[in-house]
Every structure is written in C-alpha cells, then in structure tokens.
Amino acid sequence: MFRSQHLALKYFAAAMTLFGIMVLAGLLASTHYVQDGFLLNKLDFSITKTLHIDTMIIWLLMGFIGSVYWFLPVELERETEGVRLAEVMFWIFCVAVAIVALVFIFVQYGPATEMSLWFINQGRKYVEAPRWAAIGIVAVVLVFVYNVVATAIKAGRITGIMAVLMVDLIPLFGLYLIAFPSITNMSEDQYWWWWLVHLWVEATWEILIGCIMALALMQLLGTSRRIVETWLYIEVGLVLGTGILGLGHHYFWIGTPSYWLGIGGLFSALEPLPLLGMVVHAVYDAGTHRMKTTNKPAFFWVLAEAFGNFLGGGVFGFMMTLPQINLFTHGTQWTVSHGHFAFWGAYGCGIIAVIYLALQKARSVQMLDSVAWKWSFALLNTGMLGMVGALLVSGISQAFYERAMGGSTLQAFIAAQNNVWFVQGIVMRLVFGLVFAAGYVMLMVDLLRIGKRRAVSETLAPRVAGGPA
Amino acid sequence: MVATSLLLGTFVLMAGCYGALYCFARLRRDRRLAHVAVACYVLQAITAALLMVTALDFWWKALLLASLAAYWPIPPLTWRFLERLHIPEEQMP
C-alpha cells in the first residue's frame, strides 16, 4: 500500500468519527423539538444544530479528501507528491475541528465584535467555523490541491478523470473563500453565501463524487476506463448544465430580482433528468454483473447512492422547487426532509462505499462480506427513509397551517408548531433517528471487524498446507 | 398546494420507476415487466394531466409537458448508449 493510502485510512477514520458526532448532535437537536427546555442554557438548539450541520459538511469533506488520497496513487501509479505535508495537514485539520467543536459546545457565542468572528463563530449557516479555523481549512484544501496537481505533473500522465478532478478543485477551493467576508446587507450576503453552499453541493461536490465513483467503479466492477470516463463527461455536462443555474431556487425570496423565479424554476425542474440517466446506468451495471462482486457492501452502497440521489435530490427536490410551491415550503421541515435525503443519497452512501473498497485492499481480503453490513445498511436506510417521511409530514403541516392558512405570521408559526401532524412527525423523526443511530453503531462495528478474521485465516491457510513459512 | 406538490413528486417518482423497470425488463428480456414500465410512464402522464388542472402558472405546466416528453426517450437512449459503450474495444469498428 502507498503512504497516501495509509493517510486515506486516517481520513476515513476521522470522517466516520465526525459522522458519529453528527448523528449524536442530530439526536440532541431533534430532542429539543420534542421536549421543551431540554438542556436549556446548557446546550441550546442553536448549538446542537450548528454541530449537526457543520460536522456533516466536514465528515463528507474528509471522506472526499480521503477517497482522492486513496485512489490517486493507483490512478497515477506513483506515490502522492508531498504526502508528508498532507499528513501534517491532516493532524492540523483534526485538531482544528476538535477545538472548534469544543468552542461551540463550551463558549457558544460572544459579543458582536471582530474577536467573535475570529475566535468563536462567524455566524453563517454551514460555515460557522471561526475565521482562524476557516483559514486552516483553506490551507488544508490548498495542500490537497497541490498534492493532486503535483502528483499528476510528476507522473507525466493526466487521465480524463484526473483532468476533471483538477479543474473541479479550482471552484472547490475558490468558492470556500466566500466564507470570509462579513457583508452587512442581508440580501447581498445571502446572494454570495448561496454561491458557496449551492455551488459546492450541487456542482463542485457532484463532480467530485462523480470522479470518485468513476475510480471506485473501475476497482469494484472492473469497468473499463473508456466507459467510466465517457459517462463522467456526460454527467459533468448535465450536472453543470442544470446545477449551476439551479442555484436560482435559493434566490426566490431573498430580495433578488424576480427573473430568478423563472431561471431557478426552469433549471431546477431539469435537475431530475440526468439523475434518471444515472439510475438507468446503475441498474444496467448491476444487471450486467448479475449482482456478482467481490465486495458486496461497496456494491450495494454504490447502488444506494444512485437511487438515493434520484429520490432525495430528484423526487423530493422537485416536489418543492417550482416557485409557486416553494413560496409555502421554503424554510419548513419539508426542506429539511429534502436536505437529509439528498445529502445522504448523493454523498453519504458514496463515501461509505469507498471506505468498504479501501478496507478490502487494506485488509487483503478476496471476498468482503459480513452479516453486520446488511444490518447497518438496512438500519441506516430505514432510519433515513423514516426520518425524511416524518419530516415531510411535519413540513406539509407547516406549509399548510402556517403558510397557506395562517399567512406566515408569528402566531401562525406557533400554532403550526403545536399542530398534531407537526408534533407526530417530529416525534417520529426522533424515533427513526434512533434507528439511524443504531445503524451507525452497526456500521462502525462492521468497519472495525469486517475482513479481519478472514484475512487472518487466508494468511494462515497456505502456511498450514505447506508447513511453517 | 399540498396536492400539487405531492403530484410533482409523484411525477418524478413515476419517471424513476419507468426508467428502472425499463432496465430490469431489458436485462431479463421480460415483456411483462416492460409493460409495467410503460404503465408507470402512463401513470406519469396521468399525473401530468392532473397537474394541468392545478393552480400552477401556464409556463410551469408547459415545462411539465415538455419534460414528460423528454422522460420517455431517456431510458432507451441511455440503454442503447450504454450497450454501445460496453462493446469491447477490439470489436469496435
């Protein structure tokens, strides 16, 4: 194994740890909805929610970075350039994340001064990390970009996947810089902030996971480079074609010109079309391989990624993307339902698939399979489906009682919060959240154990047959 | 509004069922499954028809009809493309 792949395993371990913190913070945040006064003035909803969504961003980012460090030396047939620096940055990244989490939990907030922006919280959703930590993230990503580009240059070989990946790294780094300015005009601030949030998620990350999945499919199913690269180019074209101007669906109600209603609605409505193509591709691949693979968990998580992306992003997104509907659903639990499903389907499942692929190689196992992964797969996906279903019920009740009937007044908001449909949905979200948490525990148990016993027995078998080695 | 939204979700969901079942039917060479796939597309068309009587603006309805037409060829075109793509390089003309 390359040194870069050892680093990738560290990134995966850190990602899975943050995944667990995300689940725990999510459970606490959902308990806040169910029980009034829960951890009041100790760990308020604002903090648990911040922890929940920020750890989600960071665990996925760490999963992406780890995946690239895993595949890069295989793709370019050489060790990653500057891997020692990357190792140092990994530890800096981990320490920074830990400090930020501790500050969020114990300091929580500060006065409205520059000092708070630098050391406590920048206050913008998803990128709350204080400025010093944000600079740290920039440094980590810069080193990551250097690793990828320098390795490709030193190898003297730029494959199609590498070319797409390297171009994608420019906005991955550049768009994060929008996390820094503190613009006092709310509309202006939101306008640019969505560039970071939407264009990261629905353009840059989609392409990044597309590259990672292309590399994974070559390893998992032995798919030829010609096929995965052709499909990657098509995906890039379609995702960028619909995803960039699909940004408009965030501009409906933040004070931007009304032409965004048309642009956002049109391009968002087109977003499910390429996702349908991906579903067809996934079924085709699964069928032509007759569901046979040496790594069942990775295979099923890849399938879950294709279907989850379509259902979470396509179906749940399309339900509320047209402006006439979005007027009522925007900012309700309905949006939360879509967000959970889409992130899980598009990215979470993909990262887990890559981790299983990496473990197969790291533990030198011919056939990777277990009972525990099936349990974790079932529990995680059942938990997620239950959560998004429950949130959908709550969101519909909010959209109906608070927005459509109540006219979005504060009183209507309070009334909708007490509506029986809303309350039941919120309770069921917590219940299915616990199912999801059980799935996470099973996943961790499986990741720690899968392939270890078999690897030992496979190592011992030739010795037993042929006498002492 | 809630009904319209759920219909929109059903519209895309039926497209997904049509696409997935179309592939399963091709893989298994199963004509009955192919009919079920077409039935899903018909359900999508019925959903689109129901959406025509909702309060959505004219242009959104036109967009829905256009996308309904676009969903029909996606599975067969993608399938044909994938088959051509999977021809071993030595067999390519």
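**Exercise 1. Work out what share of the contacts in chain A, counted at a separation of 6 or more, joins residues 24 or more positions apart.**

Solution. Keep in mind that this is a predicted model.
- Step one: take the contacts in chain A with a separation of 6 or more; 79% of them link residues 24 or more positions apart.
- Step two: look at what chain A is built from, which comes to 17 helices and zero strands.
- Step three: check the overall size. The radius of gyration of chain A is 23 Å, close to the 23 Å from the globule rule for 469 residues, so chain A is as compact as a globular protein of that length.
- Along the principal axes, the C-alpha atoms of chain A fill a box of roughly 80 × 45 × 45 Å.
- Step five: finish with burial, where 50% of the 469 residues in chain A count as buried.

**Exercise 2. Describe how H7(A) and H13(A) pack, and say which residues make the contact.**

Solution. Two packed helices are described by the angle between their axes and the distance between the axes.
- Step one: find the pair, H7 (residues 186-221) and H13 (residues 333-362) of chain A. Their angle is about 30°, and their axes are 10 Å apart.
- Step two: get the handedness; H7(A) passes H13(A) in a left-handed crossing.
- Step three: pick out the residues. H7(A) brings, among them, A:Trp205, A:Ile209 and A:Met213, while H13(A) brings residues including A:Tyr347, A:Gly350 and A:Leu357.
- Step four: sort the contact by class, and you get eleven nonpolar, two polar and no charged residues.

**Exercise 3. Now do the packing of H1(B) with H2(B): what angle do they make?**

Solution. 
- Step one: H1 covers residues 2-28 of chain B and H2 covers residues 31-51. They pack at about 165°, with axes 8 Å apart.
- Step three: the crossing of H1(B) past H2(B) is left-handed.
- Step four: by class, this contact has 20 nonpolar, four polar and one charged residues.

**Exercise 4. Find which element of chain B gives the most residues to the side that touches chain A.**

Solution. 
- Step one: count both sides, with 31 residues from chain B and 32 residues from chain A.
- Step two: list the elements of chain B that give two or more residues: H1, H3 (58-71) and H4 (74-85).
- Step three: H1(B) gives the most, with 15 residues.

Key:
Residues are numbered from 1 along each chain as its sequence is written. Chains are lettered from A and ligands numbered from 1 in the order in which they are written. This is a predicted model: local features need pLDDT of at least 70, side-chain atom pairs count only at pLDDT 80 or more; totals for chains, interfaces and linings use all residues. Axes are lines fitted to C-alpha atoms, for helices over the stretch in contact, and angles run from 0 to 180 degrees between N-to-C directions. Helices (H or I, at least four residues) and strands (E, at least two) are DSSP runs, numbered from the N terminus. A crossing is left-handed if the near helix is turned anticlockwise from the far one by less than a right angle, and right-handed if clockwise. Ala, Val, Leu, Ile, Met, Phe, Trp, Tyr, Cys and Pro count as nonpolar, Asp, Glu, Lys and Arg as charged, and the others, Gly among them, as polar. Two residues are in contact if their C-beta atoms, placed from the backbone, lie within 7 Å. The radius of gyration is taken over C-alpha atoms; the globule rule is 2.2 Å times the number of residues to the power 0.38. A residue is buried if 20 or more other C-beta atoms lie within 10 Å of its own, exposed if 12 or fewer, and partly exposed in between; C-beta atoms are placed from the backbone.
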